[in-house]
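Here is a short briefing for a first look. Please keep the sequence and the 3D view open as you read.

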Amino acid sequence: MMDERELERIAGGLGRAAGERLDLAAVERGVLARLREADQTDRLAGSRPRPLLRWLAAAAAVALIAGGSFVTFRTPRPDQAGSRSAASLYDLSSDELAEVLDSLSWASPVSTRATGGLDDLDAEQLRELLALMEG
Amino acid sequence: VTVPGQPERPDADLIDRWRAGDEAAAGELVRRHARAVARFLAAAGAGDEADDLVQEAFFRAFRGLDRFRGGASFRTWVMAIASNALTDFRRRRGRRPVLPLDGRDIADGSADPHGTLVARETEARVQAEVARLPPMQRDVFLMRAQQGLAYEEIATALATSVGAARVHYHQAVKRLRRVLEG
């Protein structure tokens, strides 16, 4: 039966041949060469501008500016929206305005009945009513 | 770096000199400890890759010297790095431990041919089973039984507690005895 001491004695001799045949000079040369190479790479990486990173940063900045401009251009400002709406109302005749109001009356908080009927209103009043409904 | 006839410079001095840019100090540290690291790796099952892994371990050690706190000796610290390099190598290559079948890593036991044969066979079986141990058990066992290190130093090098190192060692011994007696 192998006891612990015997096991330790055998373990003490493991790998002895590998240690003896190791070419120390070759290992030393190899380690130092790799360290020199890595040191050189570090120095170059530290001093050299990183073109890829710079390009990526520039591309990201352009994308942000272009995207922001597009969104700003496409989003109507509240005053612009109102004036466009008002301008389109002026293109409609009295009958067309009345038709629009009729079509909206089901959802409108403004009761057309309370106004005494759309037929009694002139074009200017109809426009005002539509503008009021539009908010 | 070390002058013949003069006492060896302590590792800590050589490490400081290397940090200050003295390449010869690194060379001295390699020459001083590489054989022990090679033995450790060979016993762990590195086979023919042991030489390359020794080089890799020292390269990683010098590159990561900022992480060396001095709780364990430089040699033990490099062994722990060598163990990681061996694990990485096996993972990359998908290789199992190399088991010595030709007895190349097994030293002669005696002048008696029969005794030598038996000793070689036993040693080969021990080495094969050591290489099959879980990495932590294997490292603790080799650092203790092959390198003769104290549990405190082993625990520091392998980033574990002294108690855990003892447990790993006894589990390794138990497993090896069971396998070798079976």
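This is a predicted model: local features need pLDDT of at least 70, side-chain atom pairs count only at pLDDT 80 or more; totals for chains, interfaces and linings use all residues.

Residues are numbered from 1 along each chain as its sequence is written, chains are lettered from A and ligands numbered from 1 in the order in which they are written, and side-chain values use heavy atoms, with hydrogens and water left out.

**Where chain A meets chain B**

- Chain A brings 32 residues to the contact and chain B brings 39 residues. Contact means heavy atoms within 4.5 Å.
- The two chains bury about 3,400 Å² between them, with 63% of it on carbon and sulfur atoms. Buried area is the accessible area (1.4 Å probe) that two parts lose on being put together, summed over both.
- Leu7(A), Leu14(A) and Arg34(A) supply 19% of the area that chain A buries against chain B, more than any other three residues.
- Across the interface, 10 residue pairs are in polar contact, both residues being at pLDDT 80 or more. A polar contact is a pair of N or O atoms within 3.5 Å; within protein, one must be able to donate a hydrogen and the other to accept it, and residues adjacent in sequence count only if both atoms are side-chain atoms.
- Helix 1 (4–13), helix 2 (16–21) and helix 3 (24–47) of chain A each supply at least two residues of the side that touches chain B. Helices (H or I, at least four residues) are DSSP runs, numbered from the N terminus.
- Helix 3 of chain A gives the largest share of that side, 13 residues.

**Salt bridges**

- The structure holds 17 salt bridges over all chains. A salt bridge is a side-chain nitrogen of Lys or Arg within 4 Å of a carboxyl oxygen of Asp or Glu.
- Between chain A and chain B the count is four. Asp42(A) pairs with Arg63(B), with the closest N and O atoms 2.8 Å apart.
- Glu28(A), Glu8(B), Asp11(B), Glu28(B), Arg31(B) and Arg32(B) are linked in a network of salt bridges.
- Glu28(B) forms a salt bridge with Arg31(B), the closest N and O atoms lying 3.0 Å apart. The two are three residues apart in helix 2 of chain B, so about one helical turn separates them.
- Glu28(B) is buried, at 10% relative accessibility, and Arg31(B) is partly exposed, at 36%. Buried means under 20% relative accessible area, exposed over 50%, partly exposed in between (1.4 Å probe, protein chains only).
- Arg60(B) forms a salt bridge with Asp88(B), at 3.0 Å between the closest N and O atoms. Arg60(B) lies in helix 3 (residues 50–63) of chain B and Asp88(B) in helix 4 (residues 74–93), so the pair ties together parts 28 residues apart in sequence.
- Glu129(B) forms a salt bridge with Arg132(B), with 2.9 Å between the closest N and O atoms. Both sit in helix 5 (residues 113–132) of chain B, three residues apart, so the separation is about one helical turn.

**A histidine in chain B**

- His33(B) is found in helix 2 (residues 23–43) of chain B.
- His33(B) counts as buried, at 5% relative accessibility.
- Leaving aside neighbours within four places in sequence, His33(B) is in contact with Asp11(B), Phe58(B), Phe74(B) and Arg75(B).
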